[in-house]
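Morning, everyone. Please bring up the model.

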Amino acid sequence: MRIAVLQKQVPDRESPLRVSDDGRHFDEQQVSFKLNESDAYAIEEALQIKDRLGAETEIIALGLGPERIEKTLREALARGADRAIRVLDDRELATDPYAVANVFAAVLKDQACDLVLSGLQSDDLGMGQTGILLGELLGMATASLVIATEPGTTSIRLKHELEGGWYQWLTIPLPASLSIQTGINQPRYPTIKGIMGAKRKQIEVLNASALWSGEPLQTCQRLYVPQKTKHTEMIEGTSDQAAAQLVEILKTGIKVL
Amino acid sequence: MNDTPAQLTTGGRFLVEPVGCENVLTRECFSEEHREIEGMVRDFASERVYPLRDEIEKFDKDLCVKLLREMAELGLLGIDIPEAYGGLELDKVTSAIVVESLARGYSASFTVIFSVQTGIGSLPIVWFGTPEQKEKYLPRLVSAEWISAYSLTEASSGSDALAAKTRADLSEDGKSYILNGEKMFTTNGGWADVYTIFAQVDGRHFSAFIVERDSAGLEVGPEEKKMGVKGSSTTPITLTDVRVPAENLLYEIGKGATIAFNALNLGRFKLAAADLGGSKTVLEEAVKYARDRRQFGQAIAAFDVIKGKIADMTVRIYTADSMIYRTIGLIQEATDRLDKDDPLYYIHMGEATEEYAIEASMAKVYGSETLGMVTDHGIQILGGYGFIEEFPMARPYRDTRIDRIWEGSNEINRQIITGYMIKKALLEELPIRTAIRDIDAFLESDVEQAFSGAQANEECAIETGKRLALHVFHAALNEFGQDLRHEQQLTEILADMFTYLYVADSTLSRVQCLQGDAPVDKMAATIARIHSAEVSIRLLNLALTGLHAIFHGKLPPDTADHLRRFQRRMLPETDIIQLKRALADYVYSRNGYPF
């Protein structure tokens, strides 16, 4: 079995985010980056499948971004992925899931993967679309909010979340693209041996512009901190009129009564 | 930094060599693997240890052993252990990074348990054990199947460890040693399966033995009720006619001191690294609190006195970081020169470590006093809440107090620093005599010609400071000769002068390596400016006190004149307070220690 796992690097929650002067990015100098949380569960799920199925299973870690994402892919190799493909985002496509999925589809179309695993959504943009779009583009069956997997030879049985606290078991054919929910497993730490061994594993580097020339459907126009404003309204009239108007505002305006 | 090869390879050479004349190891030159291991241990500590820190503190052996075994699975217990026995035998930098990063768990108790298991509890066997001893014990220790301890101290012999009274006598059949005596303050004592115990063979040859827990006659005493690190086990060990197989003698009869001091030498820089990690987490907690807590209508972080404290903590941590990793780099470099296949490899490693005994002792003193100072400031920033157990300062404040006492008290370590300097001066391992002869020429030289570049002022202050220390050292040796070692207050002054200079030299060397123009690099340069200015003032004060002691309260006119000439070059025109404000603001903007 061959499994591709999408690994996205996102800003650490505790890093201070400051919008940069161009108003479209944040100041990266102040920020430390880490692996997206649900992607950690995705790589762990792939590793557990490999643990069950044996050494013939190959895991490819795949990421899109600037050069700094090499670190995140190296971590995946240290955890036990067999090889990695790093796509340099030379067209600033990262904010559009459709574009990202197209780039990954171009990478994976010749890789004959049986499974594509991705985190449910990213901690920075939270779109939650890439895994499903990628599955569609590659003609795979797709499932989201996955909380358990039981891969077979031609199909995979999986459990996923429905609305209102309900779950569902279903079986879908392979190849398939699954978006993994957090909490599905207990992600492992890379071992020191894994870290030292990752040095010898291969990271292939590709350029996004060479993989996909389409136009993104979404672009980031402006990045800003939500603005707080204060507005004071004076209520005029006699006390009875003012009281009636105040009750009206509380009822229909700010809806607290 | 210039690449001129260093002339000297002996410890203490920073005192006679100019700043930046050799490559120093700094955090910025960690390899990719070092950084990944650091990240992994930080994650482990904050996700596995931190949430359990209160449970650990309630004294829970099973929990601590479980965590140790989890660390063993990750390979973290085998960093100093050869591959043949289940370890990974990586460099000392890695071993320091691991213990530093473990501080993220905010549990000094657990760090102590880990440090004994991987340090004094197992290294004597790695270094001095026979192949059979290694085969038997190391795989069990590296997997944490067994817990280890190290038993040196006795009721009447602490710092004076070699005066131990515990005896070991060969049995009549010559097959075993019979141990009798009582050990005190054994860390991991109540939990250990195997101990390295020191005893006098025939009452006079100080030696070490590997003793298993279930040996008849070995009794573990009650747990000590301690001021801090309450989650760790500390007990007396009573030995009553304990029969230890003769093959469990470690190394040779009479070589106990070599074993004990080697373990301590290496333990010193690791303790320093643990304190460094602790200091960074405490600073982060203090910054968090200062930014949240509001008084007089603003966050207390905005008050100038709080900025001063945050800046002082940051300077202290940055300078400690610079000197600790430099020291580890020196020891690693000396170890790298050895032949690993030499049967005496570990003996030579001990010698290489001892070569930098001065620097290792400095790291221990400066590292432990850094955490002491940082937790003290932390309490003060938290105010009344700092005194309350639920808040994150009281425990580290208590926990760190022991660090100035164990692994050789800081008083003993200061004696070691000056003691080795005296030895190196008298044996001419360091060209101290030449350096002293050149002081006058240095003081007469043109400052602007001698120092250039962005840190010219700091360099001039530190280089002058070195001459000042040499001047006091020379005067002290002239007055007291070999007896200088008995003038302990004076030797402490000298030790502090040497340490401040080593720290300043290391900090400046590190800053000179930073080529970038990023805010973080500029702030590092700011730290070097603050530190060299403050250190200069402290050095002048120490020199004045020291010289008055040497000249019995009355400075000869030429000495007074000398002092004025030193002073002229050591007081850079620096607005320290303004620099500290800028540094604190930067630390706030990064939510904690940013380097």
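Start with a crossing of two helices in chain A. H3(A) passes H4(A) with a right-handed crossing. Keep in mind that this is a predicted model. H3 covers residues 97-108 and H4 covers residues 130-137. Their axes come within 8 Å and cross at roughly 45°. H3(A) and H4(A) are therefore oblique to each other.

Which residues of H3(A) and H4(A) meet? From H3(A) we have A:Pro97, A:Tyr98, A:Val100, A:Ala101, A:Asn102, A:Phe104, A:Ala105 and A:Leu108. From H4(A) come A:Thr130, A:Leu133, A:Leu134 and A:Leu137. By class, the contact of H3(A) with H4(A) has 10 nonpolar residues, two polar and no charged.

Stay in chain A and find A:Arg86. A:Arg86 sits in strand E5, residues 83-88. Buried or exposed, then, is A:Arg86? A:Arg86 has a relative accessible area of 8%, so A:Arg86 is buried. The cut-off for buried is under 20%. The side chain of A:Arg86 makes a polar contact of 2.8 Å with the side chain of A:Glu70. Set aside residues up to four places away in sequence, and A:Arg86 still touches several others, including A:Gly63, A:Pro66, A:Glu67, A:Ile69 and A:Leu73. A:Ile203, A:Glu204, A:Val205 and A:Leu206 are also among them.

Now over to chain B, and another helix pair. H17 runs over residues 456-480, and H20 over residues 557-570. They pack at an angle of about 160°, with axes 8 Å apart. That angle makes H17(B) roughly antiparallel to H20(B). The crossing of H17(B) and H20(B) is left-handed. On the H17(B) side, the contact involves B:Cys460, B:Ala461, B:Thr464, B:Gly465, B:Arg467, B:Leu468 and B:His471. On the H20(B) side, look for B:Thr559, B:His562, B:Leu563, B:Phe566, B:Arg569 and B:Met570. The classes in the contact of H17(B) with H20(B) are six nonpolar, five polar and two charged.

One last stop: B:Thr491. B:Thr491 lies in helix H18 of chain B, residues 488-513. B:Thr491 counts as buried because its relative accessibility is 1%. What does B:Thr491 contact, leaving aside neighbours within four places in sequence? The partners are B:Gln415, B:Thr418, B:Leu484 and B:Arg485. With B:Gln415 there is a side-chain polar contact of 3.0 Å. Finally, B:Lys364 is 127 residues from B:Thr491 along the chain, and their C-alpha atoms are separated by 17 Å.

That's my tour. Thanks.

Key. Residues are numbered from 1 along each chain as its sequence is written. Chains are lettered from A and ligands numbered from 1 in the order in which they are written. This is a predicted model: local features need pLDDT of at least 70, side-chain atom pairs count only at pLDDT 80 or more; totals for chains, interfaces and linings use all residues. Side-chain values use heavy atoms; hydrogens and water are left out. Axes are lines fitted to C-alpha atoms, for helices over the stretch in contact, and angles run from 0 to 180 degrees between N-to-C directions. Helices (H or I, at least four residues) and strands (E, at least two) are DSSP runs, numbered from the N terminus. Angles under 35 degrees count as roughly parallel, over 145 as roughly antiparallel, 65 to 115 as roughly perpendicular and the rest as oblique. A crossing is left-handed if the near helix is turned anticlockwise from the far one by less than a right angle, and right-handed if clockwise. Contact means heavy atoms within 4.5 Å. Ala, Val, Leu, Ile, Met, Phe, Trp, Tyr, Cys and Pro count as nonpolar, Asp, Glu, Lys and Arg as charged, and the others, Gly among them, as polar. Buried means under 20% relative accessible area, exposed over 50%, partly exposed in between (1.4 Å probe, protein chains only). A polar contact is a pair of N or O atoms within 3.5 Å; within protein, one must be able to donate a hydrogen and the other to accept it, and residues adjacent in sequence count only if both atoms are side-chain atoms.
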